[in-house]
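Biologist: Can you walk me through this one? Keep it simple, please.
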Amino acid sequence: MGTIIRHTFLDSNGIRMHVTDAGRGYPILLCHGFPELWYSWRRQIHALAEVGFRVLCPDLRGYGGTDAPEEIESYVMRELVEDIHGLFDALGIDKAGVVGHDWGGSLAWQFALRHPERTERVASLNTPYIPPGPVAPSVMYRDAFGLTDRTFYMRHFQEPGIAERELEADVRDTFQKIMRPSKYSDSLGTFMTVGDGSSLLGKIGPGETFLSKIDLDTYVRIYKRTGFRGGLNWYRAMDLSWEEDRSLPSHEIDLPALLVVTDKDPVLRPEMAELSRPYVKNLRIERVADCGHWTQQEKPAEVSDILIDFFGDLRDPSME
C-alpha cells in the first residue's frame with residue numbers, strides 16, 4: 001500500500017493553516033518556497049514516510065489552502081516562525097526536524113535560531129543562513145544589481161499589484177517559464193533580472209518544464225484560485241524582517257545542520273554556502289549536480305536520499 005497523505009486544517013498564530021500529514025515516526029517538517037505549495041515536496045513526503053518518518057508539509061502563510069492576510073506586516077519573519085511554532089503546538093509535537101527550500105529555507109533557519117528547543121535538526125535546500133547585514137535588503141539589491149526598482153526581481157516585487165498582474169495573466173505560462181530544469185537556468189536568470197527591464201516573463205524563450213501534466217495542472221488550478229499576492233508579500237516584508245532580525249540577541253545556530261546546494265542555481269549560488277559556516281557551528285554541506293533552483297522537484301531521489309541520511313538515526317526502525 002502506498003503512503004496515505006492526510007489533509008488537515010488547524011489554527012495557528014491567528015490564521016487557519018492547511019497541512020498535509022503522512023507516515024508515522026519521528027516528525028519532519030517540510031517548508032516550501034516561492035511560488036510553490038506543500039505539493040512541491042510530493043516525492044520527499046512519500047520517500048521519508050516509507051522509511052519511518054512522520055512528514056508534515058504545510059501550505060505556508062499566503063499560499064494554497066492557508067490564510068493569506070492582506071497586510072504586508074503580517075508576513076514579517078517573526079509571524080512566519082510563530083506559524084510553525086503554533087503548528088507544532090496544535091499537533092502536540094515537542095520537537096521535529098525542520099527542512100526548507102528557498103524562502104522555506106530562510107524560515108527553517110529562523111525557526112532553528114528562535115526555537116532551538118523545538119528543533120532537533122535543521123536542513124535547507126539552496127538557501128544559506130546569513131545574519132542581517134548592515135543595510136536593508138532592498139537597498140543591498142539596488143546597489144548590487146542597479147539603481148532602479150526594475151533590475152532585480154525582489155525589488156520589482158515591492159509595489160503591490162505589478163508582479164501580480166504579470167504572473168496571473170497566464171498562470172500556466174508562468175509556471176512553464178519559471179519551473180524549468182537546470183539546462184534552462186538562463187530562464188530563471190532572466191526572470192531574476194526582470195527580463196528586458198519591464199517584464200518578469202517577456203524575455204524568457206522556449207523551453208520545457210520538469211513538471212508533469214498533473215503537476216502543472218495542480219499548480220495552475222490552485223494559483224488561479226489564490227493568485228500570487230500572499231507569496232509576494234514575503235518579499236514585501238523583507239526589510240521589516242531584516243529590522244526585526246537585527247534585534248535578536250544571537251545570530252548563531254548551534255544544532256546539527258545541513259545545507260544542500262546545486263551547481264546551476266542562478267539565484268542561490270553554491271558559493272554562497274560558505275557564508276553560513278561562521279554562524280552555523282555544526283554545518284554539513286551537500287552538493288547536487290546538474291540541478292538548478294527547484295532542487296527537490298528536479299532531483300527528487302537525490303534530495304530524498306540526502307535527507308534520509310541526515311535524519312536517518314531518528315526514524316522508526318519498525319518501518320524498514
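Modeller: Let's begin with a term. Two strands pair if DSSP finds at least two bridges between them. With that in hand: β1 and β2 pair in the antiparallel sense, over 8 bridges. Keep in mind that this is a predicted model.

Biologist: What holds paired strands together in general?
Modeller: Strands of a sheet pair through backbone hydrogen bonds, either parallel or antiparallel.

Biologist: Back to β1 and β2. Which residue in β2 is the bridge partner of H7?
Modeller: T20 is the partner of H7.

Biologist: And how many residues sit between the strands in that hairpin?
Modeller: The hairpin of β1 and β2 has 2 residues between the strands. N13 takes a positive phi there, near 50°.

Biologist: How does β2 join β4?
Modeller: Strand β2 (residues 15–22) and strand β4 (residues 53–58) run antiparallel, joined by 4 bridges. D21 stands opposite L56 in β4. V19 stands opposite P58 in β4.

Biologist: Is β2 mostly buried or exposed?
Modeller: Buried. That label means under 20% relative accessible area. In β2, 7 of the 8 residues are buried, so the strand is largely enclosed by the rest of the structure.

Biologist: What about β6, enclosed or open?
Modeller: β6 is largely enclosed by the rest of the structure, because 6 of its 7 residues are buried.

Biologist: Do β5 and β6 run parallel or antiparallel?
Modeller: They run parallel, with 6 bridges joining them. G97 stands opposite R121 in β6.

Biologist: What do I need to describe two packed helices?
Modeller: You need the angle between their axes and the distance between the axes.

Biologist: Then how do α3 and α11 pack?
Modeller: Helix α3 (residues 103–114) and helix α11 (residues 238–246) pack at about 20°, with axes 14 Å apart. Angles under 35 degrees count as roughly parallel. So α3 and α11 are roughly parallel to each other.

Biologist: Which residues make that contact?
Modeller: From α3, W103, Q110, L113 and R114. From α11, M238, E244 and D245. By class, the contact of α3 with α11 has 3 nonpolar, 1 polar and 3 charged residues.

Biologist: And α7 with α9, at what angle do they pack?
Modeller: Helix α7 (residues 171–178) and helix α9 (residues 213–226) pack at about 130°, with their axes 9 Å apart. These two helices, α7 and α9, are therefore oblique to each other. α7 passes α9 in a right-handed crossing.

Biologist: Which residues are in contact there?
Modeller: On α7 they are V171, R172, F175 and Q176. On α9 they are L216, D217, Y219, V220, Y223 and K224. The contact of α7 with α9 has 6 nonpolar, 1 polar and 3 charged residues by class.

Biologist: Switching to α8. Which of its residues are buried?
Modeller: In helix α8 (residues 185–192), the buried residues are S187, L188, G189, F191 and M192. Just after α8, V194 takes a positive phi of about 55°.

Biologist: Last one. Where is Q297?
Modeller: Q297 is in helix α12 (residues 295–298). At 7% relative accessibility, Q297 counts as buried.

Biologist: What is Q297 in contact with, leaving aside its neighbours within four places in sequence?
Modeller: E36, S40, R42, M179, F210, L211 and Y219.

Biologist: And where is D239 in relation to Q297?
Modeller: The two are 58 residues apart in sequence. In space, Q297 and D239 are 29 Å apart, C-alpha to C-alpha.

Notes: Residues are numbered from 1 along each chain as its sequence is written. This is a predicted model: local features need pLDDT of at least 70, side-chain atom pairs count only at pLDDT 80 or more; totals for chains, interfaces and linings use all residues. Side-chain values use heavy atoms; hydrogens and water are left out. Axes are lines fitted to C-alpha atoms, for helices over the stretch in contact, and angles run from 0 to 180 degrees between N-to-C directions. Angles under 35 degrees count as roughly parallel, over 145 as roughly antiparallel, 65 to 115 as roughly perpendicular and the rest as oblique. Contact means heavy atoms within 4.5 Å. Ala, Val, Leu, Ile, Met, Phe, Trp, Tyr, Cys and Pro count as nonpolar, Asp, Glu, Lys and Arg as charged, and the others, Gly among them, as polar. Buried means under 20% relative accessible area, exposed over 50%, partly exposed in between (1.4 Å probe, protein chains only). A crossing is left-handed if the near helix is turned anticlockwise from the far one by less than a right angle, and right-handed if clockwise.
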